[in-house]
Every structure is written in C-alpha cells, then in structure tokens.
Amino acid sequence: MHTPHTPIGSSRRTILALIGASLVAGPVIASSPASAAATGLDDPAKKEIAMKLVSSAENSSLDWKAQYGYIEDIGDGRGYTAGIIGFCSGTHDMLDLVELYTQRKPGNPLAGYLPALRRVDGTDSHDGLDPGYPAAWRRAAQDQAFKQAQNDERDRVYFNPAVQRGKADGIGTLGQFAYYDAIVMHGNGGDSTSFGSIRNRALGRARPPAQGGDEVTYLNAFLDARVWAMKQEEAHSDTSRVDTAQRVFLRNRNLNLNPPLDWQVYGDSFHIG
C-alpha cells in the first residue's frame with residue numbers, strides 16, 4: 001500500500017516523449033574495473049533488484065508487482081498517480097499508457113476515459129474522471145494485457161533510456177540504477193530539476209568513466225546533484241532514498257548492486273539476500 005510520505009514518481013514532468021531521443025547517445029565505454037565487470041541493470045536479475053529498490057521508496061514495499069492496481073491523488077498537483085511506476089494523469093505518461101492499452105485491447109475498462117484524460121493532461125483536474133476512474137483502473141489491473149502495457153511503458157519511457165545513458169557514460173549497474181531512479185522521480189523535461197539537468201550539474205563537477213573520470217567520484221557528484229534537485233520541491237525534501245540507500249551501496253563500492261543489499265528509506269529497513 002502506498003504511504004502518504006512516499007509519493008510515487010510525483011515529479012515526472014512534461015515532454016516525456018523527448019526522453020528516448022535526448023538520452024541515447026554515445027558509445028559504451030567502461031573504463032573502471034568495476035564497470036567492466038558489471039552485467040548492467042538490464043540483466044534480468046539486476047532489473048528485478050531495481051524494481052524492488054524503487055518500490056521500497058515509492059510504496060514502502062519490495063512487492064512491486066502488487067502495485068499495478070494502485071491509484072490515488074496524492075495532492076502533488078499531478079492529478080491521479082497510479083500503477084507500478086506512478087503514471088500521472090497530469091503528466092502525459094498515464095495518457096500514453098491508456099492509449100497503448102486501448103490499441104492492444106479496445107473496449108477495456110479505461111478506454112471510455114480517454115477523452116477525459118486528454119482534457120486533463122497537464123493539469124491536476126479530475127474532470128470527467130470522477131467518480132468511476134479509480135475503480136476502472138483497478139478492474140483493468142486484473143488484466144494481464146494492462147499489466148504488460150505498464151511494463152512496456154515503464155521500460156520505454158524510464159528504464160531503457162536510463163540504462164542506455166548510463167552505459168554510454170561508462171557507469172555500472174549502481175550508476176544505471178541511480179539514473180533510473182532519478183528519471184522515475186524527476187522525468188526529463190526542460191526544467192532545472194529534470195534528469196538531464198541533474199546529470200549536467202554532475203558533469204560540471206566530475207567526469208564519468210566514458211570521459212576518463214573515476215566512477216565513484218562521478219556517482220558522488222551525480223547523487224549530490226540529485227539531492228539538490230529533490231530539495232527544490234517540498235514533496236521530495238526527504239532524501240533518504242539517496243542518503244540511506246544509494247549512497248550506502250556507493251560507500252561500499254558495490255557498483256554492480258550485488259546482493260546481499262541492506263538499506264533504509266523513510267526510516268524503514270529493507271533487505272535483499
């Protein structure tokens with residue numbers, strides 16, 4: 001169950017369609033020994049770890065697969081937040097998801113809400129969605145086709161671009177996860193707290209391995225920039241998902257995210273054996 005102090009991906013911002021084009025660039029150069037040994041976050045076992053790590057922060061649970069039917073307005077100005085990655089009715093990614101689902105399965109429980117979703121896109125309005133939309137979302141979440149659509153949109157918009165950009169920067173599994181978690185929360189719009197701006201802020205202080213830099217030094221700079229971005233918005237002022245999670249792994253130089261993993265988020269302790 002989602003808890004009030006852990007808003008799901010609530011900073012996912014506009015221009016999500018630009019993510020793929022803006023993030024995929026450059027060859028993969030792994031110059032540090034730790035990076036060279038990394039399988040990458042797209043290895044199935046590592047991807048499962050990534051899903052659990054994000055869910056620990058977003059849902060206070062490692063059971064990310066229980067979140068397909070989650071839907072709530074958490075009062076962050078983005079309308080409804082829902083599903084495994086926090087698709088939002090006000091930030092276009094929910095609209096894209098429901099359009100994809102409807103292309104694959106016309107007449108689904110959410111198809112009739114597409115006109116309303118298009119109207120409220122970019123706002124926090126529920127106009128045309130209440131009172132039936134949350135119940136329709138939960139019904140749809142019983143459908144394997146909708147679960148697959150959520151998986152596919154998560155990968156297209158967030159996971160794959162993060163991994164590709166991370167590999168291009170020469171960083172290993174932990175670094176790729178840091179990129180993914182940042183895109184989930186901040187999106188990649190044009191504002192100063194977007195993923196691209198966070199990365200640029202880090203590049204102003206350190207070089208990634210692909211440019212001859214030290215991986216640990218660069219990741220510390222990236223996490224510093226991430227914390228700064230989080231503190232710009234009250235909803236994200238608790239930075240424990242970085243401070244007592246990602247930084248713990250980095251201090252341990254666990255650049256491949258190898259289990260066992262122990263971390264805390266918002267005071268809750270988690271373990272992957």
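His92 is found in the loop between strand β3 and helix α4 (93-104). Although His92 is not a glycine, His92 has a positive phi of about 80 degrees. Helices here are DSSP runs of H or I with at least four residues, strands are runs of E with at least two, and both are numbered from the N terminus.

## Basis of the model

This is a predicted model, in which local features need pLDDT of at least 70, side-chain atom pairs count only at pLDDT 80 or more, and totals for chains, interfaces and linings use all residues. Residues are numbered from 1 along each chain as its sequence is written, and side-chain values use heavy atoms, with hydrogens and water left out.

The protein has a mean pLDDT of 88, and 86% of its residues reach 70 or more; pLDDT is the predictor's confidence in each residue, from 0 to 100. Over residues 1-38, pLDDT stays under 50. For that stretch the model has 114 contacts beyond four places in sequence, where contact means heavy atoms within 4.5 Å. Where pLDDT is low, the predicted coordinates should not be read in detail.

β3 (87-88) belongs to an edge of a sheet, as does β1 (71-72): each pairs on one side only. The sheet is open, has three strands in the order β1-β2-β3, and its pairing is antiparallel. Two strands count as paired if DSSP finds at least two bridges between them. Two bridges link β1 to strand β2 (residues 81-82) in the antiparallel sense, and Ala82 in β2 is the bridge partner of Ile71.

Strand β4 (residues 261-265) and strand β5 (residues 268-272) run antiparallel and are joined by five bridges. Ser269 in β5 is the bridge partner of Gln264. β4 and β5 form a hairpin with two residues between them, and Tyr266 in the turn has a positive phi of about 50 degrees.

## Cis peptide bonds

The bond from Asp130 to Pro131 is cis, with omega near 5 degrees. Pro131 lies in the loop between α5 (114-120) and α6 (133-140).

The bond from Pro259 to Pro260 is also cis, with omega near 5 degrees. Pro260 has its place in the loop between α11 (240-251) and β4.

## Helix α8 and its partners

Helix α3 (residues 44-59) and helix α8 (residues 173-186) have axes that come within 11 Å and cross at roughly 40 degrees. Axes are lines fitted to C-alpha atoms, for helices over the stretch in contact, and angles run from 0 to 180 degrees between N-to-C directions. Residues of α3 including Leu53 and Val54 meet residues of α8, among them Phe177 and Tyr180. By class, this contact of α3 with α8 has seven nonpolar, one polar and three charged residues. Ala, Val, Leu, Ile, Met, Phe, Trp, Tyr, Cys and Pro count as nonpolar, Asp, Glu, Lys and Arg as charged, and the others, Gly among them, as polar.

The axes of α8 and helix α10 (residues 215-230) come within 11 Å and cross at roughly 15 degrees. That makes α8 roughly parallel to α10. In α8, residues including Gly175, Ala178 and Met185 meet residues of α10, among them Phe222, Leu223 and Arg226. The contact of α8 with α10 has ten nonpolar, two polar and two charged residues by class.

Conventions. Parallel < 35°, antiparallel > 145°, perpendicular 65-115°, else oblique.
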